[in-house]
Amino acid sequence: MTAVAEKTNLLGMPKAKMEAFFESLGEKRFRATQVLQWIHQRGADDFDQMTNMSKVLREKLKEVAEIRGPEVVYDESSKDGTRKWAMRMDNGNSVETVLIPDGERGTLCVSSQIGCSLDCTFCSTGKRGFNRNLTAAEIIGQVWVARKAFMPFEPGPDRPITNVVMMGMGEPLLNFDNVVDAMNLMMEDLAYGISKRRVTVSTSGVVPAIDRLGEVTDVSLAISLHAPNDELRNQLVPLNKKYPISELLAATRRYLARLPDKRKATIEYTVIEGVNDQPEHARELAVVLRGLPCKINLIPFNPFPESDFRRPSMNATRRFQAVLNEAGYIATVRTTRGDDIDAACGQLVGMVEDRTRRSQRYIQVHQVSP
């Protein structure tokens with residue numbers, strides 16, 4: 001019995017790869033432009049919709065290609081307007097994607113992995129363990145699905161998604177090639193046309209990948225720091241044992257130096273009661289970040305069942321902010337959004353078939369805890 005060849009999913013192809021695909025079919029490169037616009041600017045998922053191409057070409061495409069996005073298994077809006085989707089990927093696993101509206105801006109928080117291979121102690125995603133990297137089609141598919149939720153599906157100034165942050169489930173830089181392909185589509189004028197200033201990749205500190213990123217793109221960069229010294233960060237972000245703060249910030253400086261404009265890195269700092277929320281932590285952070293072009297985003301910890309950490313008081317968070325502001329930094333406190341539907345920062349979990357068995361270990365620990 002002859003095996004049926006797997007069809008190529010065109011959803012995740014940036015322009016250069018799409019052009020190469022059409023050349024492999026003996027077609028002209030400009031077909032890539034047409035298909036990109038149909039998929040990403042008009043929301044097409046059927047080749048018969050592509051009426052500016054011949055029927056012969058459309059039939060050929062049906063034989064070898066498909067346009068297949070993730071399956072939506074959950075779609076709910078928070079009382080504050082935040083919207084969360086759970087999207088099922090191949091093999092039954094699912095990831096979560098969140099859209100945060102804020103006036104004329106809509107920020108989509110996109111996942112890059114099913115689960116997370118890192119184990120940051122303050123993040124619910126990490127407690128679910130890790131299954132696999134998402135493909136480029138599965139990453140950009142989250143943008144595609146979210147955009148299709150708002151009709152009409154047309155490019156223009158009233159787009160519901162103006163910003164994208166690779167800050168959902170997973171460590172983006174451990175899925176480097178697929179994340180870069182997806183971000184290229186986000187910024188592609190023939191697709192979503194989002195400014196490079198408004199596409200942000202967030203990393204816990206994969207230093208070699210930050211340097212590699214600077215060689216292939218100029219998106220905005222966010223650093224998940226969460227501690228002002230290595231001793232504390234080793235406890236919160238285990239990756240720090242491999243790439244300590246000094247190496248991470250040096251790589252951040254190198255990345256910013258390559259950008260053609262005077263952009264700042266975003267330093268993400270989850271504030272946890274009794275752990276890293278004291279004024280002395282803020283003063284130490286101000287010293288550590290000295291000379292780095294950055295803005296600081298303070299994120300009050302969002303509780304979840306597997307954690308014993310607590311959210312700090314707003315007074316403690318504001319005191320922390322005041323120390324940084326007095327030291328000359330732009331430090332803002334992120335407003336908690338979507339926590340009534342578990343869509344707040346650090347709360348995304350999805351459904352993960354955990355290859356690491358980490359989730360099972362955490363469940364066992366909490367079952368025997370008093």
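Contact here means heavy atoms within 4.5 Å.

## Basis of the model

This is a predicted model, in which local features need pLDDT of at least 70, side-chain atom pairs count only at pLDDT 80 or more, and totals for chains, interfaces and linings use all residues. Residues are numbered from 1 along each chain as its sequence is written, and side-chain values use heavy atoms, with hydrogens and water left out.

## The chain as a whole

The chain has 12 helices and 14 strands; these are DSSP runs numbered from the N terminus, with helices (H or I) of at least four residues and strands (E) of at least two. Of its 370 residues, 55% count as buried. Buried stands for under 20% relative accessible area, exposed for over 50%, and partly exposed for values in between, with a 1.4 Å probe and protein chains only. Among contacts with a separation of 6 or more, 67% come from residues 24 or more positions apart.

## Ile272 and its surroundings

Ile272 is in the loop between strand S12 (265-271) and H10. Its relative accessibility is 0%, so Ile272 counts as buried. Leaving out residues up to four places away in sequence, Ile272 touches Phe122, Leu236, Asp277, Phe301, Phe309, Arg310 and Pro312. Ile272 and Pro300 are 28 residues apart in sequence, and their C-alpha atoms are 6.7 Å apart in space.

## Aromatic rings

Rings of Phe, Tyr and Trp (its six-membered ring) pair if their centres lie within 6.5 Å; planes under 30 degrees apart count as stacked, over 60 as edge-to-face and the rest as tilted. By this rule there are four aromatic pairs. One of them is the tilted pair of Phe301 and Phe304, at 6.0 Å centre to centre and 55 degrees between the planes. Phe301 and Phe304 are both buried. The ring centres of Phe301 and Phe309 are 5.9 Å apart and the planes are at 85 degrees, so this pair is edge-to-face. Phe309 has 24% relative accessibility and therefore counts as partly exposed. Ring pairs join Phe301, Phe304 and Phe309 in a cluster.

Two arginines sit over rings; the rule asks for NZ of Lys or CZ of Arg within 6 Å of the ring centre and within 35 degrees of the ring normal. Arg42 is over the face of Trp38, 4.4 Å from the ring centre. Arg83 is over the face of Phe150, 5.4 Å from the ring centre.

## Helix packing

Helix H10 (residues 279-288) packs with helix H11 (residues 314-326) at an angle of about 30 degrees, and their axes are 9 Å apart. Axes are lines fitted to C-alpha atoms, for helices over the stretch in contact, and angles run from 0 to 180 degrees between N-to-C directions. H10 and H11 are therefore roughly parallel (under 35 degrees; over 145 is roughly antiparallel, 65 to 115 roughly perpendicular, and the rest oblique). Pro279, His281, Ala282, Arg283, Leu285 and Ala286 of H10 make the contact with Phe320, Val323 and Leu324 of H11.

Helix H7 (residues 207-216) and helix H9 (residues 245-258) pack at about 0 degrees, with axes 9 Å apart. H7 is therefore roughly parallel to H9.

## Positive phi in two loops

Asn91 is not a glycine, yet has a positive phi of about 75 degrees. Asn91 is in the loop between strand S4 (83-88) and strand S5 (94-102), and counts as exposed because its relative accessibility is 65%.

His226 also has a positive phi, near 70 degrees. The loop that holds His226 runs between strand S11 (220-224) and helix H8 (230-236). At 4% relative accessibility, His226 counts as buried.
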